[in-house]
Amino acid sequence: MRTILITGPGGSGRTTVAAATALRAAAKGVSTLVLGADRTDTLGAALGTATGPAPTRVTAALTAWRPDAGARFREDLTAFQTRAAGVLDLLGAARLDAEELTPLPGAEELSLLRALRDATLSERYELLVVDLPAAPRALDLLALPEELRRYLRRLLPPERQAARALRPVLGRLAGVPMPADWLYETAARWDVELAAVEAVLADRDTAVRLVAEPGPAGADAVRDTRLGLALRGLRTETLIANRVLPDDLPLHGLAAQQRKALADWTQAFDVTAVPHLGHDPRGAEDLAALAVPGVNTAPAPVEWPVTDHIEEDGVLVWRIPLPGAIRDGLDLVRRGDELVITVGGFRRIVALPSALRRCTVAGAALREGELRLRFAPDPDLWPR
């Protein structure tokens, strides 16, 4: 299944473009699900059909779904209270009723990620179009599965489960109760769920479309968002320049400003200019008039290759594409078998490829939007 993630700066019309993309694919007979993230029904307003927590059939081949984060949060917390009843009673904690629960920050993001996973696993659709929140919130959402899995592995390492038989003894020696089996089982279940979302995001058939209005503000947002996506290993498939004004518009200054931004964008992106209709698009006819690009059936995967230069230079080179990065905004720290990359205000901790774990860092360079890390084999660890 192909997955198209759509985001852009706030107010850029990304939801409308997501609806138009899904409708165009469905019109060609592709079974499509469009997934919305907004609390208000902006997706339904664009489609001309109300959407909600239950999947809604828009056309014969198009389904729209806007998950209810509040309901899922109440279900999860109620289930957690039931499983942790013994601990809560020991602490004298009063349980919360489902009716008094309101979603905490982050509940909407988790709900959308779960919906993405469920839609993928259902295998009912050929195409999934996801209307992500506005950037940079979308970047935080896309980073969430990997970061949560890392936290879980640090707080509840899977290897500790091997000590189940010793847990009562350790508890008596330490004088405090040890984590119960259900806690490790819950962590393992969460890890599996998050891994499924990570797999969707990392799949070669997953791509991102950026939506922005051409202009100085849009150019800044596109540059930053593209860099944040690249750090996550996500490919920007195309840039949709939305609400482009005709050249003969009396507001010639604004049109000229848009033309300049478009000229700059075409040097770095596959750009599609979507015209301004003179009103907010509503319904199938308006969405078809936007003429958004079709779905690419042969996407180019993102690669972070390790190339062997041992014979020539005695090093292995790890190449990480970071388009738009500048040297002053780049910071690298190796910590054990991990590399902490900070660039342009974004940060990611990535595991080193296995071959590089037996090497020492020999240098780094940023050239033409690509970070090249040089690793020299450690004689004490490298096989002879």
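Helices are DSSP runs of H or I of at least four residues, numbered from the N terminus. The legends below refer to a predicted model.

**Figure 1. Overall view of the predicted protein model.** The secondary structure comprises 12 helices and 15 strands. The protein has 384 residues, of which 43% count as buried. Among contacts with a separation of 6 or more, 68% are between residues 24 or more positions apart. The accessible surface amounts to about 19,900 Å², and carbon and sulfur atoms contribute 55% of this area.

**Figure 2. Close-up of the negative surface patch around helix H12.** The patch is made up of Asp308, Glu311, Glu312 and Asp313. Helix H12, which spans residues 310-313, gives the most to this patch, with 3 residues. Asp313 is one of the patch residues and lies in helix H12.

**Figure 3. Close-up of the salt bridge between Arg348 and Glu146.** The closest N and O atoms of this pair are 2.7 Å apart.

**Figure 4. Close-up of the salt bridge between Lys260 and Asp264 in helix H10.** The closest N and O atoms of Lys260 and Asp264 lie 3.3 Å apart. Both residues belong to helix H10 (residues 252-265) and are separated by 4 residues, about one turn of the helix. Lys260 has a relative accessible area of 56% and is classed as exposed, whereas Asp264, at 40% relative accessibility, counts as partly exposed.

**Figure 5. Close-up of the salt bridge between Arg372 and Glu370.** The side chains of these two residues meet at an N to O distance of 2.8 Å. Arg372 is partly exposed, with 27% relative accessible area. Glu370 counts as buried, at 14% relative accessibility. The structure holds 20 salt bridges.

How values were computed
Residues are numbered from 1 along each chain as its sequence is written. This is a predicted model: local features need pLDDT of at least 70, side-chain atom pairs count only at pLDDT 80 or more; totals for chains, interfaces and linings use all residues. Side-chain values use heavy atoms; hydrogens and water are left out. Patches are made of residues with over 30% relative accessible area and no salt bridge: like charges are joined within 9 Å, nonpolar side chains (Val, Leu, Ile, Met, Phe, Trp, Tyr) within 5 Å. Accessible areas come from the Shrake-Rupley method with a 1.4 Å probe; for residues, only the protein chains shown count as cover. A salt bridge is a side-chain nitrogen of Lys or Arg within 4 Å of a carboxyl oxygen of Asp or Glu. Lys and Arg count as positive and Asp and Glu as negative; His and the chain ends are not counted. The place of a charge is taken as NZ of Lys, CZ of Arg, CG of Asp or CD of Glu. Helices (H or I, at least four residues) and strands (E, at least two) are DSSP runs, numbered from the N terminus. Buried means under 20% relative accessible area, exposed over 50%, partly exposed in between (1.4 Å probe, protein chains only). Contact means heavy atoms within 4.5 Å.
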